[in-house]
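Let's take a walk through this protein together, one piece at a time. Keep the picture open as you read and try to find each part as we get to it.

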Amino acid sequence: MLKLDNVHTYYGAIQALNGVSVEVNKGEIVTLIGANGAGKTTLLMTVCGNPHARSGVITFEGRDITRADTHQIMRSGIAVSPEGRRVFKDLTVEENLMMGGFFANRVQMQQGLGHVYELFPRLKERAQQRAGTMSGGEQQMLAIGRALMTRPSLLLLDEPTLGLAPLIIAQIFDIIRTIRDQGVTVFLVEQNANKALQVADRGYVLENGRVVMHDTGANLLVNADVRKAYLGA
Ligand code: ATP
């Protein structure tokens, strides 16, 4: 579904991705783990065309999107819930969701809202609440809900559990499973490697802009190097 082949990404002279190859197949949850600064966010954002890869090829459903504009990529069925949530704090929950569906017509907008409210009853209850007054976990749900408004086939999630309490983290991972079960493929960047590998079909380990290991989530969970470096064992 999504394929990165030998992708190199730079910020000016700084190289952030150094020959990354990753595949995400339809129906999977694939996770990308790695230390701070390994290049995880850069990888997700390179898929979104911001920044563009300097070399290498990215294809989505067989189409080359390496040089496509971000808005074209978003229209092709990819949605992203960015690191730090970035909800519009002064807008209500519902207004935030409508921003996510900005290119939908009225019918699609209502369908999107119905779908998101079904998945997140809490957001429906709080539809008229200002987003900035929601808890961290609720804001995360809103960020995911907003991404789902375009009814994507591939959802990119950047650190959805960062800074959240354990109970909420468990809820977010349950939601990620539900989203996948509803037919959305998930590419998940996580610092919480333990939980991410438990939920993921497959995982990639990124170090200094390179993929150093990839395997099933179950195999990576018991891998001695992964345990030592990322699972605190
Ligand atoms: P974290 O878990 O801390 O978010 P990460 O694995 O997501 O880290 P990136 O944010 O992708 O890592 O950063 C990879 C490298 O690229 C780092 O060295 C970072 O300093 C650099 N970098 C990221 N964004 C920029 C930018 N806008 N300009 C210059 N360098 C950047």
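Start with strand 3 and strand 9, which pair in the parallel sense over four bridges. One spot to look for is Leu32, whose bridge partner in strand 9 is Tyr204. Strand 3 (residues 29-33) also has strand 8 (residues 185-190) as a partner: the two run parallel and are joined by five bridges. Here you can pick out Val30, which has Phe187 of strand 8 as its bridge partner.

By the way, what you're looking at is a predicted model. Its average pLDDT is 93, and 98% of the residues score at least 70. The model also gets an ipTM of 0.93 and a pTM of 0.93.

Now follow strand 9 (residues 202-207) into strand 10 (residues 210-216). These two pair in the antiparallel sense, over six bridges. Arg202, for instance, has Thr216 in strand 10 as its bridge partner. Two residues sit between the strands of this hairpin, where Asn208 takes a positive phi near 45 degrees.

Next, the helices. Helix 1 (residues 40-47) is largely enclosed by the rest of the structure, because six of its eight residues are buried. Those buried residues are Lys40, Thr42, Leu43, Leu44, Thr46 and Val47. Just after helix 1 comes Gly49, which takes a positive phi of about 80 degrees.

Helix 3 (residues 93-100) has Val93, Asn96, Leu97 and Gly100 buried. They cover an arc of only 100 degrees around the axis, so they're on the same side of helix 3. What covers them? The list includes helix 4 (106-119), helix 5 (121-125) and helix 6 (136-148).

Finally, let's look for empty space. Rolling a probe the size of a water molecule over the atoms shows where such space is left. The largest pocket holds about 510 Å³ of space. Its lining is made of 22 residues, and Met74, Ala79, Val80, Pro82 and Arg146 lie nearest its centre.

Definitions and conventions: Residues are numbered from 1 along each chain as its sequence is written. This is a predicted model: local features need pLDDT of at least 70, side-chain atom pairs count only at pLDDT 80 or more; totals for chains, interfaces and linings use all residues. Side-chain values use heavy atoms; hydrogens and water are left out. Two strands pair if DSSP finds at least two bridges between them. pLDDT is the predictor's confidence in each residue, from 0 to 100. Buried means under 20% relative accessible area, exposed over 50%, partly exposed in between (1.4 Å probe, protein chains only). The arc is that of the directions from the helix axis to the C-beta atoms. Contact means heavy atoms within 4.5 Å. On a 1 Å grid over the protein atoms alone, a cavity is a set of points where a 1.4 Å probe fits but cannot get out, and a pocket is an open set with protein on both sides within 12 Å along at least five of seven lines; lining residues have an atom within 4 Å of a point. Grid points are joined across faces, edges and corners, and a volume is the space filled by probe spheres set on the points.
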